[in-house]
Amino acid sequence: MSEQQSLQLDRTTTGTRAVVDRLLGSRNFASRLAAMGLSVGAEIEVLQNRGKGPILILVRDTRIALGRREAMRILVEQVHSEQPKHKE
Amino acid sequence: MNSRSIKNSQPRSAVELEHADKSFLVGLAGQPNVGKSTIFNLLTGLSQHVGNWPGKTVARKEGLYIRSGVSMRIVDLPGAYSLTANSDEERISRDFILQNHPDVIVMVADASALERNLYLLAELLMLPVPVVLGLNMMDVAETQGIHVEAHVLEAALGLPVIPLVAIRNQGVAELIEVAERLARDPVGFQPVRPEIGAPHRDVLTRVRALLDGHIPAPYPSDWVALKLLEGDAEITERARRSLPHTIWRRIETLLGEHEDAILDVAGGRYEWIDRMVHAAVRHPRLGQISLTDRLDRFAVHPFWGLLILLGVFGLLFWLTFALAAPVQEWLDVAVIGRLQMRLADALVLAGAPSHVVNLLVDGVLGGVGIVLTFLPILTIFFTVLAFFEDSGYLTRAAYMMDRFMHLVGLHGKSFLPLFLGFGCNVPAVMGARVIESRAGRLLTILLAPLVPCSARLVVLAFLAPVFFGKVALPVSLGFVALNILVLVVVGVILNHTLFRGRHTAFIMELPLYHLPDARTIGLFVWHNIRAFLRKAGSIILLMSVLIWTLSHFPGDGIEQSYLARFGRSLTPLGHLMGMDWRLLVALLSSFIAKENAIATLGILYGTNSESEGLAETLATQISAATALFFLAVIMLFVPCVATVAVMYQETGSWRWILFSVILLLTIALSAGVLVYQGAYWLGIGILLDA
């Protein structure tokens, strides 16, 4: 995980599991996100990213919709699930 | 089923209140969607008093709970994710705690998303007030495979924790009992408090030391130091103004060097949360698919989601027209009409002069009638709205529409209020409350009147066939499209000028779906209707009496009235657009209610509003180009008096109302001239005039 490149949240695909790495933008933005569970180190799962429009993620058992502009400012590190996928 | 459930025997009598030997002030806090209002309703029932927080559009609910001689004044704090000044809700909650000194805070948390919920607790514990934690939705958590051991959490936190299933009235009695005990004896309250992350601990200590002795009464200096590191706009501004200059400069430098301190503040809180829930929560990630996941597969699906959205709003309109329209007519004819007759008879018998009779019967009672006719529509709109809001669906609709709303510089949350505008602009303006930022709310309120409401659609549906025969439908659709086009253009322009750089982030929780609570819906509808009647109702009444007076004095029929004189004085303006004074007066009268335009035309063109007669008369006297102009203006014209009244109620500013009226007037008239000249140039007017 440590050698991973971090990725803007809006570039992730549906189903991605990741850990929040950095928050860009104002302190106000970071504080709003933190209050809704999105803090550095939080595990997230991308529930929907259609490449346009808002993004839906699951973080700390909460479903959160983020505008693309907001998602762009959230850097994440992808987590490869320990369990191998059933179908390959 | 539960012997300890709350029994509601409200409202309590004043006598009982006087006999209460002890009285406590209780703040009910919690993040949004945690079932807080269910608990508040259970505890306070009909003893609720609803107003607004001073200077805010956020509703302030307060109620009384009395049990064995102790009265608890419970204030329902607005749902807030944290206590940083990011929104009015958050500011209100913390100001209440700091300034009103409640005896105890009851915080309600959603057990199925405990980590995120405890963030608010982490903030509350920094303030000088004892806190009781209610873990609501224990049943939902179980179905999600989350097991929470309340007593383990209680031991870890060092404060009382009560498990609840509020919708089944389980645990609420214990919760309030424990709160009362804590309020009586707060001395022993020593919870485990969160700390800032290690890298910035030293900075916090230095800021706190600098603040020492300079912080005015209600503010704890620890808390102020923390808020400064978090970059809290309000506290920063206050500190800048009230601290001695040299001290502020040193603090400012320190804060500037540690812009990233917020991450450690938040990080420290989540570290604390992890420690607290570690032993208390078992959360096996079984990957089971919840009901919410299953429903969301459709609700936010790019195709099915839009279809569902369409279905939901189709249902809303069907209900409005199927239920509200007949009730509205019944109110108009059977109630108001009959009352008007009775009153007229009584007044005539009593020998009142005829203009007094007319004023009271047509002016005042007519005005009451207008206010009343809004009630069925509003009731249905607010009921359906509350139903979908409480079920969790509305946020999905906002999510689906976010992309489109960005076109006009708004985001998903503005979709719903604007869409409600198709039914009636009044709930549209009131619905803008869901938008947290003032800029976003204001822009939504300014755009709402451009959505063609059902009253305007009625006028359109009546007049279009008169002038355009077979092409009436495409012409009508064209007008609706024109409105939406204008809305988009105005939105884009405002967004790049007045509202430039006021973009607000779209961050929205999509709560779990659940069955809506009838009581919550009922109270929501009741509070909104009452607010409308109180504020908007009186303005509508006054305005309609005023316009009625203008159109009936100095006598000799409406043709000689002040209103008509005013219309005639505008004749030069009218010529520019091919309108005579009668059309202008009809336009002016539509200010009371859009459908008035037809009635006024009926009076001025000398038929008895027998629709067929009027249609024929109008067709022979007005050219098609003029009709196009007239319709364009009426569709875009200044909103009706009810809408203006709620716009004032919601913005609290006549300046914005004036801005909106001038803006809409300009748009309506220029669109009208453009349409008229365009049609004339294309030969439409000439053809039909000949």
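A: The answer below goes through the interface of chain A and chain B.

This is a predicted model, in which local features need pLDDT of at least 70, side-chain atom pairs count only at pLDDT 80 or more, and totals for chains, interfaces and linings use all residues. Residues are numbered from 1 along each chain as its sequence is written, chains are lettered from A and ligands numbered from 1 in the order in which they are written, and side-chain values use heavy atoms, with hydrogens and water left out.

Start with the contact (heavy atoms within 4.5 Å). Chain A brings 31 residues to it, and chain B brings 44.

Next, the area. The size of an interface is often given as the accessible area lost when the parts come together. Here the two chains bury about 3300 Å² between them. Buried area is the accessible area (1.4 Å probe) that two parts lose on being put together, summed over both. Carbon and sulfur atoms carry 55% of it. On the chain A side, three arginines stand out: A:Arg27, A:Arg32 and A:Arg63 supply 24% of the area that chain A buries against chain B, more than any other three residues.

The interface of chain A and chain B has 2 salt bridges. The rule asks for a side-chain nitrogen of Lys or Arg within 4 Å of a carboxyl oxygen of Asp or Glu. A:Arg63 forms a salt bridge with B:Asp293, at 2.7 Å from N to O.

Helices (H or I, at least four residues) and strands (E, at least two) are DSSP runs, numbered from the N terminus. Helix 1 of chain A gives the most, with 9 residues. By class, the chain A side has 14 nonpolar, 8 polar and 9 charged residues. Ala, Val, Leu, Ile, Met, Phe, Trp, Tyr, Cys and Pro count as nonpolar, Asp, Glu, Lys and Arg as charged, and the others, Gly among them, as polar.

Last, the strands. Strand 5 of chain A pairs with strand 10 (residues 507-510) of chain B, antiparallel, over 4 bridges. Pairing requires that DSSP finds at least two bridges between the strands. A:Arg63 has B:Leu510 as its bridge partner in strand 10 of chain B.
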